[in-house]
Amino acid sequence: MEKKIIITIGRQYGSGGRYVGKKLAEQLGIAFYDKELINLASKESGICGEFFEKADERNSGSLLKALAMGFSMNNAIFQSNDYLSNESLFQIQSDVIRKVAAEQSCILVGRCADYILRDNPRCVNVFISSSREDRIARLCHLHSISEDAAEEKMNKADKRRAEYYNYYSYKTWGAAATYHLCIDSSVLGI
């Protein structure tokens, strides 16, 4: 039986972590999951992907409201007065991450995958960071925005990711002790 390779990638916004993960998956010939996890969670649960997108890498500060009347998930009917919490969405997404990792070698970006798969002995957890200047330059180039807009976007995304990760994992996002390998893409390149 072939042993699976599971790599999780946490990353600072603008560090190139998603790009690194995608290229590594291509080189290794294994599956790559980032936002694709939202689509899988939606498909597995029968819940509209928009709910997962709105909760994506955000902590549970509020409830997502209003599943349409008669909308079903796993044979359970949600009435219009029911709520689906971010915790429920996180649990569904966690189940999808565990299922994907059990079925195939893959690279998983974000979404607390390292924490969710913490008991998987075949899982290697990587965090990719980069200098503030390099991240801003990369975001300016990718999104055709000003440095100020790039810095604001970067700060908001990193804050949201840190809050999400710290809330669900009870660990510290970006702290070296949390990961097996930390890479500075400013030094090593993408």
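The part in question is helix H7 (residues 147-169). Which residues of H4 and H6 make contact with H7?

Reply: This is a predicted model, in which local features need pLDDT of at least 70 and side-chain atom pairs count only at pLDDT 80 or more, while totals for chains, interfaces and linings use all residues. Residues are numbered from 1 along each chain as its sequence is written, and side-chain values use heavy atoms, with hydrogens and water left out.

First, the setting. The protein has 8 helices and 9 strands. These are DSSP runs numbered from the N terminus: H or I of at least four residues for helices, E of at least two for strands. Of its 190 residues, 45% count as buried. Buried means under 20% relative accessible area, exposed means over 50%, and partly exposed lies in between (1.4 Å probe, protein chains only). Contacts with a separation of 6 or more come to 67% from residues 24 or more positions apart. A contact is a pair with heavy atoms within 4.5 Å.

Now H6. Helix H6 (residues 132-143) packs on H7 with the axes 9 Å apart, at an angle of about 110°. Axes are lines fitted to C-alpha atoms, for helices over the stretch in contact, and angles run from 0 to 180 degrees between N-to-C directions. H6 and H7 are therefore roughly perpendicular. That label covers 65 to 115 degrees; under 35 is roughly parallel, over 145 roughly antiparallel, and the rest oblique. The crossing is right-handed: the near helix is turned clockwise from the far one by less than a right angle. On the H6 side stand Arg132, Arg135, Ile136, Leu139, Cys140 and His143. Facing them from H7 are Glu147, Ala150, Glu151, Lys153, Met154 and Asp158. By class, that makes 5 nonpolar, 1 polar and 6 charged residues. Ala, Val, Leu, Ile, Met, Phe, Trp, Tyr, Cys and Pro count as nonpolar, Asp, Glu, Lys and Arg as charged, and the others, Gly among them, as polar.

Ser15 lies 139 residues away along the chain, yet its C-alpha atom is 9.8 Å from that of Met154.

Next, H4. The axes of H4 (residues 86-103) and H7 come within 12 Å and cross at roughly 80°. H4 is therefore also roughly perpendicular to H7. Asn86, Glu87, Phe90 and Gln93 of H4 meet Tyr164, Tyr167 and Tyr168 of H7. The tally here is 4 nonpolar, 2 polar and 1 charged residues.

What of H4 itself? At 1.5 Å a residue, its 18 residues should span 26 Å, and the end C-alpha atoms are 26 Å apart, so the two agree. The expected span is 1.5 Å times one less than the number of residues. The buried residues of H4 include Asn86, Phe90 and Gln93. Leu89, Ile92, Ser94, Val96, Ile97, Val100 and Ala101 are buried too. An α-helix has 3.6 residues a turn, so residues three or four places apart point the same way.

Asn39 and Gln93 are 54 residues apart in sequence and 9.7 Å apart in space, C-alpha to C-alpha. Asn39 has a relative accessible area of 51%, so it is exposed.

Tyr170 lies in the loop between H7 and strand S9 (181-184). Its phi is near 60°, positive in a residue other than glycine. Most residues other than glycine have a negative phi. Tyr170 has 70% relative accessibility and so counts as exposed. Arg111, too, has a positive phi near 60°. That residue sits in the loop between strand S7 (106-109) and helix H5 (113-116). At 1% relative accessibility, Arg111 counts as buried.
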